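Subject: Structure for you to look at

Hi there,

Here is the structure I promised to pass on. Please open it alongside this message, and you can follow my notes below as you go.

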Amino acid sequence: MNSLRKFFDNIKPNFQEGGKLHAFRSLYDGFETFAFVPNTTAGRCGTHVHDAIDSKRIMSLVVIALVPALLFGMYNVGYQNALAAGQLDNATFWGMFGFGLLAVLPKIIVSYIVGLGIEFTVAQWKNEEIHEGFLVSGIIIPMIVPVNTPLWMLAIATAFAVIFAKEIFGGTGMNIFNVALITRAFLFFSYPSSMTGDDTVWVAQNAIWGLGYDVPDTFSAATPLGEIAAGATTLSTSFCDQVCGFIPGSIGETSVVAIAIGACLLLCTGVASWKTMLSVFVGGACTGWMYNALGLSPLDACQHIVLGGFCFGAVFMATDPVTSARTEGGKWIYGLLIGFVAVTVRVLNPGYPEGMMLAILLMNLFAPLIDYCFVSHNISKRAKRAINK
Amino acid sequence: MANVIKLRKGLDVNLKGKASLETMQTKVEGQYALVPDDFGGMKPKVVVKEGDSVKVGDALFVDKQHPEVKFVSPVSGKVACVERGERRKVLSVRVDADGRQEAATFAEKDPLKLLLASGLFAFFRMRPYDVVANPEDKPKAIFVSAFNSMPLAQDFEYVLQGQEKEWQAGLSLLAKIAKVHLGISAKQKAAALTGAKDCTITIFDGPAPAGNVGVQINHVSPINKGEVVWTMGAEEVIFVGRLALSGKVDLTRTVAVAGSEVKAPKYARTLVGQPIKSILAGQTASGKSLRIINGNPMVGVKTDMEGFLAAHATEVTVIPEGDDVHEMLGWIAPRLKEFSTSRSYFSWLRPKSAEYTLDARVKGGERHIIMSGEYDSVFPMDIYAGYLVKAIIAGDIDRQEALGIYEVAPEDFAIAEFVDSSKLELQRIVREGLDILRKENA
């Protein structure tokens, strides 16, 4: 520990004002505060002691909560590949996982390099510390795209989202839309064939470094919601597989079980709002039940929640504190409406078999309006008090 | 039976080094100082010269805008110097105590005039703005909180022992100026508090900042635009009582000397303006970088051994500074000794009685407001604290008014500043907001 501290102290002068590496000051700050808790002390007035929590820890916790879903996603990539090639009996656990790791890792690396690169540059330019927000977005992005998304598309979409959804608003904490979802939406509308297309995007088709299997080019596998949108009334996968996650889909969103582990961590530590999370599920289930009862959807309420990115969106993206409603009452309405809109989009618009992405982005837009109503209520109460005194 | 108000929001932080219930006596000797900055919102005009003889209760400086508001010497002796800083700003007026404590006598019949003449009026603060009160205002009420819920704060029930008569006399005198509201804690049982006369008693039951007078005002009689409320510290009511009974000013306080770095935390009987070193001599642990605070760790002002007891300070706290600590990988380490409201640390698993030694580190970088509801969870008022802070940062005066800035003081945001994961200096932000608003409304 001491030698690391000495190393930082030794190189620090280079990065300070007038040092030859001053242009990389934010990079140095980023690594120093990553290695050591900053020991700046409180000002002359104000609170002299502080809670140990900081945004680094909060963001790290979300990343940790995402890990089960990510690891399962890697395994499922290998599993789906083996299934498509008809080699499931010959494939080993580590073989499938290794294949998934090789297929997913480049996406994570690209997402982080592009996103963090922009963050570092902006931090240096604005003379600010590096904000941690992208740690979470950077890992969510590869998890919500199909496995066959080309890396260059991912890079362009990430750059677009970080610059136009976050940095121009002022960085982490000031953005209106969830950055990861903007990446997904950018891909969805710019390269539709690579996002859903002809159902060839969900399963990895080529062996990588001897792992995995080559699948014929003509092979296609639709997600369960894709099947329904195409007019099917029964699904080709069992409910058990859908809950465990052995179905085609975006990399990280298939397993309800893995997402539930992350949800437990977020709720126990209080990082995510239980009100938002619960109300998304309640909204989705009620709406699903309604459409099912009306005969508009062959799926029951339970399947609506299990399928697609519903769980992933509810747990990891609807609860993003920056873009969700900030008032306690507003969180209920925000969540309920996300659930409602997501299922409605799925059922009533066959062009969009999913719906969670659009629902959350739409409610991101409405969150300030919901809060406005709650805050206005408080304001008018105060104004009335002044008149009635 | 007094009205009981239960408060759920808030946070009690259990810090190490609470003052034990015994009192040491300090001598009246050496140099004392009155610091104009302790009386927020006032521009001082010094009315003494170096070498002048002063008695206890003689004015050292007055408010330029309201010269009838005087700031008086806590000791008798000779004026040693007027310490000035940049642009000749008065930093302090110092008096060499002669130890005799000769006091001027005041015999005004009108209670307001008596307080103005004796300088005790200066201890009134007003809401809005949390500054020294304006004698021309007609306050709708005077609020006194008889307890401080902040960590390591003075236990007023202990301080009150033996001064019950002065306390009641003080309340009775204040009641002649305006209606007096007294806020007491559900834990306080002293007859002088629960049976106080000439005031309306409200009992508050809840965690910090329930003892803040601002929180109590918000629940008892919230301030509307155009209204003025005066507040006074509980111990300062005793000053008023002493004046009412004897006609003399006596600014003797019993302050809590507390904190993890004080060898034997206990109470000290001192005067306003007492040199810190006479209070802390031989009391602090050595070998570590220390932070000495005039007040408690939540709302105090940093000082040092050469400083003086602030006018409103009811405790002197010493905690580790922490600037020599290099904690590795704090974002992921368990950090078992740290206190946090977040369950990503393990302090929630430890018993409530567990005491923490916290240093003055901010423990994170400043960020935009990211998490929602953090401030509101420890802000027991009917105000959207997060939105108010944002309105202040944005400089939107209309919105600040609409959101209730007239009801708050920086100290009300102390616990919110403690829990804030974005590490914003909320008390400074609110103070600046109030100052700008006051200038605009002047």
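This is a predicted model: local features need pLDDT of at least 70, side-chain atom pairs count only at pLDDT 80 or more; totals for chains, interfaces and linings use all residues.

Two strands of chain B pair with β16(B). Strand β17 (residues 266–271) runs antiparallel to β16(B) and is joined to it by 6 bridges; within that pairing, B:Arg253 has B:Thr270 as its bridge partner. Strand β20 (residues 315–320) pairs with β16(B) in the parallel sense, over 3 bridges. There, B:Ala258 stands opposite B:Thr317.

Next, the open sheet in chain B. Seven strands make it up, in the order β1-β14-β13-β12-β15-β10-β11, and the pairing is mixed. Strands β1 (3–6) and β11 (131–132) of chain B stand at the edges with a single partner strand each, so one side of each has no neighbour in the sheet. Within the sheet, β13 (residues 180–185) and β14 (residues 200–205) of chain B run parallel and are joined by 5 bridges. If you want a landmark for that pair, B:His181 has B:Thr200 in β14(B) as its bridge partner.

Which helix packs on this sheet and touches β1, β10, β12, β13, β14 and β15 of chain B? That is α5 of chain B (residues 213–220), whose direction makes about 130° with that of β12(B). Helix α6 of chain B (residues 234–246) lies across β12 and β15 of chain B, and runs at about 85° to β15(B).

Stepping back to chain B as a whole, there are 11 helices and 20 strands. The radius of gyration of chain B is 21 Å, close to the 22 Å that the globule rule gives for 442 residues, so the chain is as compact as a globular protein of that length. Along the principal axes, the C-alpha atoms of chain B fill a box of roughly 65 × 50 × 50 Å. Buried residues account for 54% of the 442 residues in chain B. Of the contacts in chain B with a separation of 6 or more, 70% are between residues 24 or more positions apart.

Now to chain A, where the domain assignment gives domain 1 (15–37 + 54–217) and domain 2 (225–251 + 258–371). Their C-alpha centres lie 22 Å apart, and 36 residues of domain 1 are in contact with 26 residues of domain 2. On the domain 1 side, the elements giving two or more residues are α3 (55–85), α5 (133–143) and α7 (179–190) of chain A. The largest share, 14 residues, comes from α3(A). By class, this side of domain 1 divides into 27 nonpolar, 7 polar and 2 charged residues.

Last, how do the two chains meet? The contact takes 61 residues from chain B and 49 residues from chain A. On the chain B side, β18 (290–294), β19 (301–303), α8 (385–394), α9 (397–403), α10 (414–419) and α11 (426–441) each supply at least two residues. The largest share comes from α10(B), with 4 residues. The side of chain B that touches chain A has 26 nonpolar, 19 polar and 16 charged residues.

Happy to go through any of this with you.

Best wishes

Definitions and conventions: Residues are numbered from 1 along each chain as its sequence is written. Chains are lettered from A and ligands numbered from 1 in the order in which they are written. Two strands pair if DSSP finds at least two bridges between them. Two residues are in contact if their C-beta atoms, placed from the backbone, lie within 7 Å. Axes are lines fitted to C-alpha atoms, for helices over the stretch in contact, and angles run from 0 to 180 degrees between N-to-C directions. Domain bounds come from an automatic or database domain assignment. Ala, Val, Leu, Ile, Met, Phe, Trp, Tyr, Cys and Pro count as nonpolar, Asp, Glu, Lys and Arg as charged, and the others, Gly among them, as polar. The radius of gyration is taken over C-alpha atoms; the globule rule is 2.2 Å times the number of residues to the power 0.38. A residue is buried if 20 or more other C-beta atoms lie within 10 Å of its own, exposed if 12 or fewer, and partly exposed in between; C-beta atoms are placed from the backbone.
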